[in-house]
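I opened the model today to look up a few residues and some helix packing. My notes follow in the order in which I looked.

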Amino acid sequence: MSTFTLSRPGTAPRAAFGQIVLNEGRLAWRRPIGLIAGVVLPVLLLVVFGKLPAFKQTLPGLGGATIFDAYVPVLMVFGLAMLALLGLPIPLVSYRELGVLRRLSTTPVPPSWLLAAQVVVQLCIALAGLAIVNFASVAAFGAPVPKSPGGLALSCLLAIGGLFALGLLIAALAPTANSVNAIGRLALIPLLFFAGLWLPRPLMPAALLDVSNYTPLGAAVEAIQGSVQTGFPPAAPLLVLAGYTLVFAYLARRFFRWE
């Protein structure tokens, strides 16, 4: 079992990495799992929720916000989770299954560049999805403008870090692309529940909310919602997301296999 490193100095021109990113981008466009999961589905749900009269109602437990306002952060992290748990690990495990990573190790181009290129492509999709959902919610459906854009940016970056690291850990442990599908879908159900997809977090019983605060998606929703509604988010969810990023990244590095 071997671990991956970010580069192998002096063995390939740096321009080759840019070409790999372009190739991975083209593949992502031809097989749009990440685009559908990370952009299309959240935007579609945003439009559906925005058109439902019931979602324009305010509830006492939401602090004056509408149900739609409460769901915007949930849809943002929904797209991230779909992308990180399915869109990112499936291509990487497929490459390992097909022997692509092993064959790359015999060329001047380090296999880690292919992993890094996938992360870059999925990161671009994630940022596009977040921006579209955020902008459309404000411009088309009257959601409040974030009170702390800097806090929102930090919350989103930490959420991406924690969830992408989890996706890389799944890629490290899953033996086949089909198993990634199974693992990702099984992980999504409880994560999305604690994010508030079925019951908004402010309406959760205290015990459930306490658990939600320490899950990756629950902490991400808390941080994003705080950035939108009150100002710079509290430290607790940011620290939770930073912790997940460090732990999952370490485990992914420790257990990743090239073949």
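I call a residue buried at under 20% relative accessible area, exposed at over 50%, and partly exposed in between (1.4 Å probe, protein chains only). This is a predicted model, in which local features need pLDDT of at least 70 and side-chain atom pairs count only at pLDDT 80 or more, while totals for chains, interfaces and linings use all residues. Residues are numbered from 1 along each chain as its sequence is written, and side-chain values use heavy atoms, with hydrogens and water left out.

**Entry 1: R201**

I looked up R201 and found a relative accessible area of 8%, so R201 is buried. R201 lies in the loop between α8 (177-195) and α9 (206-213). For helices I use DSSP runs of H or I with at least four residues, and for strands runs of E with at least two, numbered from the N terminus. I then listed the contacts of R201, taking contact as heavy atoms within 4.5 Å. Apart from neighbours within four places in sequence, R201 touches F194, A195, G196, L209, S212, N213, G218, V221 and E222. I also checked R201 against A182: they are 19 residues apart along the chain, and their C-alpha atoms are separated by 26 Å.

S148 sits in the loop between α6 and α7. Its relative accessible area is 11%, so S148 is buried. Setting aside neighbours within four places in sequence, I found S148 in contact with S227, G231 and F232.

L241 belongs to helix α11 (residues 235-255). L241 has 2% relative accessibility and therefore counts as buried. With neighbours within four places in sequence left out, the contacts of L241 are S155, L158, A159, G162, P216, A219 and A220. From L241 to L166 I noted 11 Å, C-alpha to C-alpha, for 75 residues in sequence.

**Entry 2: cysteines**

How many disulfides does the structure hold? I found 0 disulfides, a disulfide being a pair of cysteine sulfur atoms within 2.5 Å. C124 is in no disulfide, and the nearest cysteine sulfur, that of C156, is 15 Å away. C124 is partly exposed at 49% relative accessibility, whereas C156 is buried at 9%.

Two packed helices are described by the angle between their axes and the distance between the axes. Axes here are lines fitted to C-alpha atoms, for helices over the stretch in contact, and angles run from 0 to 180 degrees between N-to-C directions. I count angles under 35 degrees as roughly parallel, over 145 as roughly antiparallel, 65 to 115 as roughly perpendicular, and the rest as oblique.

Helix α6 (residues 111-139) packs against helix α7 (residues 149-173) at about 140°, with the axes 11 Å apart. The two helices are therefore oblique to each other. From α6, the residues V119, Q122, L123, A126, L127, L130 and N134 meet L152, C156, I160, F164 and L168 of α7. By class, this contact of α6 with α7 has 10 nonpolar residues, 2 polar and no charged. (Ala, Val, Leu, Ile, Met, Phe, Trp, Tyr, Cys and Pro count as nonpolar, Asp, Glu, Lys and Arg as charged, and the others, Gly among them, as polar.)

I looked at L127 of helix α6 separately. L127 is partly exposed, with a relative accessible area of 40%. The C-alpha atoms of L127 and P216 are separated by 18 Å, for 89 residues along the chain.

**Entry 3: α4 with α8**

The axes of helix α4 (residues 89-98) and α8 come within 8 Å and cross at roughly 155°. That makes α4 and α8 roughly antiparallel to each other. P89, I90, V93, S94 and E97 of α4 make the contact with A177, V180 and N181 of α8. I sorted the residues of this contact into 5 nonpolar, 2 polar and 1 charged.

**Entry 4: α3 with α10**

Helix α3 (residues 67-87) and helix α10 (residues 216-229) pack at about 135°, and their axes are 9 Å apart. α3 and α10 are therefore oblique to each other. D69, A70, P73, V74, M76, V77 and A81 of α3 meet L217, A220, V221, I224 and Q225 of α10. The contact of α3 with α10 divides into 10 nonpolar, 1 polar and 1 charged residues.
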